[in-house]
Amino acid sequence: MKGKAIALMTALAFVFGLSACGDKTASQAEISDTTREEEVTEVITDKAKVTTEKKEVTEEEEPAPEMTQDEKVQAALGEMPYYGDTANCKMTAEQATAYAQLIADGLAGDFSFREEYSEDYDILAWCEPFYATNPVSWESMLIDASGVILADFAGDGIPYLYLYNNKENYWEDYFEIYGWKDDRAELTFEKSIDSNTLYYLYEEEQGRINLAEESPLSMSHYITRYSFRNGAMEPIYTYSEEVLEDGNTHIMENDVETAVYTPEEYIQYSTPFLGDYVENHNHTQPYTCLYDMTPCTLEEMVDYLNAYASVMSDGRSVPVEIRKADIVRHDGMGIITIGEVPQEKVCKLEILRRFMSGETGIASVNDGAFVYTLTENGSTREISEAEFHSIWNEWESRHTDFSADTHLDILNIENVFQVKIDIQKSGEWLVTSAE
């Protein structure tokens, strides 16, 4: 019995052992399968991530489509103030560079490109305002020419460079126009400072710009209209009304008499006035009206023209550099210098300037002898007779009126230095060199 019992227990233990073993195996299988599913899911998910990441990288690395030459040109023109149809622009890299150089020269005070300004202008450089003297009224007017646009006045795609006043409290109607003629940039028109003449830039229906010159005088009225062509201007229409010896007003158009009015009839006659047209015109073109254009600064235009020239030359053009005139005005003095000049020299020049302009006194008697002095702002200093005569003779030898707009070379002032002076309309001296 005992042996049978042991055998039975052993058999039962074996059976239970098998059962326990079987349960454990099934559980492990379930865990293993679940793990595999999770692993598969993770792998699939990771692959999706990898695929997505690769796709994003691929999209980022795709190069942008190359711009066409026309697109590059339009992008360059789009940055600058340009009147007219930019799609019709035919300006070359050479022309753009020439305009940029012209502006840079003006900022540096070099006006050789326009054969200098007339003696009515008191200008140092385009980088600062300047004065002009009206030859009729002798009024001194402050001018600023810091605004600039490119303008296709002729509608032929070759723009003109249009500089004009862009600030308040200045002579508002001032402007200069430069065109491309005979393979160079040159002055096309400069607004007169004659108060008896009016000038208008007016827009035709086709978008072309003409210029009108009008002189409304008491006994006569003159109008000339000009069109812009080939970098220049040419008259296209003339009109005049003038009282002749017969006492009647004769109307002439393009040198042909078109009407004659007695004094009574002339009262009813309506004289054409171009100012009305300018104020009431109707802009019909798809681009900005000339009167609504916003100019840029001269420095900005140089940058725009350099960029345009680079596009048109495929990067081969040499950019124009700006070297603005270094103009120094010395406080309390009528001396202007190009760059810094030692203050000692400036003070000596100021003494001479005041003496020559009659702002100082000279020569007084002391104990029966002449003592030469220069007086400045109530302060007097003694100078030697030789020094006085040296200064006086140097001045007299040139027979120069101080009020004249002229250039002086004065040597050995007080045996200290040589100087070149441009006398300005304002009475100031511009020192261009002081060695």
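Which residues in H3 are buried?

Reply: A quick word on the model before we dig in. This is a predicted model, so local features need pLDDT of at least 70 and side-chain atom pairs count only at pLDDT 80 or more, while totals for chains, interfaces and linings use all residues. Residues are numbered from 1 along each chain as its sequence is written, and side-chain values use heavy atoms, with hydrogens and water left out.

Now to your helix. Ala93, Gln95, Ala96, Tyr99, Ala100, Leu102, Ile103, Ala104, Asp105, Gly106 and Leu107 are the buried residues of H3. Buried here means under 20% relative accessible area, exposed is over 50%, and partly exposed is in between (1.4 Å probe, protein chains only). Helices (H or I, at least four residues) and strands (E, at least two) are DSSP runs, numbered from the N terminus.

H3 has 16 residues and runs 22 Å from first C-alpha to last, close to the expected 22 Å; that expected span is 1.5 Å times one less than the number of residues. The cover over its buried residues includes strands S5 (147-151), S6 (160-164), S7 (175-181) and S8 (184-190), plus helix H6 (298-312). Contact, by the way, means heavy atoms within 4.5 Å. Just past the end of H3, Gly109 has a positive phi of about 85°.

Just after H6, Asp314 takes a positive phi of about 60°.

Arg114 sits between H3 (93-108) and strand S2 (121-122). Its relative accessibility is 7%, which means Arg114 counts as buried. Leaving out residues up to four places away in sequence, Arg114 touches Glu176, Tyr178, Leu187 and Glu190. With Tyr178 there is also a side-chain to side-chain polar contact at 3.4 Å. (A polar contact is a pair of N or O atoms within 3.5 Å; within protein, one must be able to donate a hydrogen and the other to accept it, and residues adjacent in sequence count only if both atoms are side-chain atoms.) The charged end of Arg114 sits over the ring of Tyr117, 3.7 Å from its centre; the rule asks for NZ of Lys or CZ of Arg within 6 Å of the ring centre and within 35 degrees of the ring normal.

That brings in the aromatics. Rings of Phe, Tyr and Trp (its six-membered ring) pair if their centres lie within 6.5 Å, with planes under 30 degrees apart stacked, over 60 edge-to-face and the rest tilted. By this rule there are 22 aromatic pairs. In one of them, Tyr117 and Phe130 are tilted, 5.9 Å centre to centre with 55° between the planes. Tyr117 is in the loop between H3 and S2 and Phe130 in strand S3 (residues 130-133), so this pair ties together parts that are 13 residues apart in sequence. Both Tyr117 and Phe130 are buried. Ring pairs also join Phe111, Phe113, Tyr117, Tyr121, Trp126, Phe130, Tyr174 and Tyr178 into a cluster.
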